[in-house]
Amino acid sequence: MSDKHDILEETHLIINPDDSMGPIFLRNVFVGIFLILVIVFPKIFINTQIYFKSREISTLSHEHDALMEENRLIRAKVESMKYKSQVLDTLF
């Protein structure tokens with residue numbers, strides 16, 4: 001009877017393995033998730049910072065271009081006013 005019982009226990013373990021989630025398995029899952037977050041979070045953070053700095057640089061570049069064009073127009077107006085002033089001074 002003992003041999004039958006031993007064979008039955010061994011086949012039972014093969015057919016129905018003990019797949020319980022023990023504390024070691026859960027610990028390994030949490031450690032794995034933590035390691036993935038430690039690796040992925042800095043990449044996400046750096047990409048976000050690069051994106052916002054790029055937007056800021058783009059905005060400043062557009063403002064710079066607008067100010068350069070405005071400066072060119074103002075210089076042209078000043079030059080025109082100087083010319084008119086010189087012409088009017090010579091007439092009187």
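Phe-41 reaches 55%, so Phe-41 is exposed. The model is predicted.

**Aromatic pairs**

- The count of aromatic pairs is two.
- One of them joins Phe-41 and Phe-45, whose rings are stacked, with 6.4 Å from centre to centre and 25° between the planes.
- The stacked label follows because planes under 30 degrees apart count as stacked.
- Phe-41 and Phe-45 sit four residues apart in helix H2, which covers residues 23–91. That spacing is about one turn of the helix.
- Phe-45 has a relative accessible area of 45%, so Phe-45 is partly exposed, whereas Phe-41 is exposed at 55%.
- Tyr-51 and Phe-52 make an edge-to-face pair, because their planes stand at 65°. Their ring centres are 5.3 Å apart.
- The cut-off for edge-to-face is an angle over 60 degrees.
- Tyr-51 is partly exposed at 48% relative accessible area. Phe-52 is partly exposed too, at 45%.

**Salt bridges**

- The whole structure holds two salt bridges.
- Lys-53 and Glu-56 form a salt bridge at 4.0 Å, N to O.
- Both residues belong to helix H2, three residues apart, or about one helical turn.
- Lys-53 is partly exposed, with 48% relative accessible area. Glu-56 is partly exposed, with 43%.
- Glu-69 bridges to Arg-72, with the closest N and O atoms 2.5 Å apart.
- Glu-69 and Arg-72 also lie in helix H2, again three residues apart and about one turn of the helix.
- Relative accessibility is 39% for Glu-69 and 48% for Arg-72. Glu-69 is therefore partly exposed, and so is Arg-72.

- Val-31 is placed in helix H2. At 40% relative accessibility, Val-31 is partly exposed.

**Negative patch**

- Asp-3, Asp-6, Glu-9 and Glu-10 form a surface patch of negative charge.
- Asp-3 lies in helix H1, residues 2–15.
- The relative accessible area of Asp-3 is 61%, so Asp-3 counts as exposed.

Key. Residues are numbered from 1 along each chain as its sequence is written. This is a predicted model: local features need pLDDT of at least 70, side-chain atom pairs count only at pLDDT 80 or more; totals for chains, interfaces and linings use all residues. Side-chain values use heavy atoms; hydrogens and water are left out. Rings of Phe, Tyr and Trp (its six-membered ring) pair if their centres lie within 6.5 Å; planes under 30 degrees apart count as stacked, over 60 as edge-to-face and the rest as tilted. Helices (H or I, at least four residues) and strands (E, at least two) are DSSP runs, numbered from the N terminus. Buried means under 20% relative accessible area, exposed over 50%, partly exposed in between (1.4 Å probe, protein chains only). Patches are made of residues with over 30% relative accessible area and no salt bridge: like charges are joined within 9 Å, nonpolar side chains (Val, Leu, Ile, Met, Phe, Trp, Tyr) within 5 Å. Accessible areas come from the Shrake-Rupley method with a 1.4 Å probe; for residues, only the protein chains shown count as cover. A salt bridge is a side-chain nitrogen of Lys or Arg within 4 Å of a carboxyl oxygen of Asp or Glu. Lys and Arg count as positive and Asp and Glu as negative; His and the chain ends are not counted. The place of a charge is taken as NZ of Lys, CZ of Arg, CG of Asp or CD of Glu.
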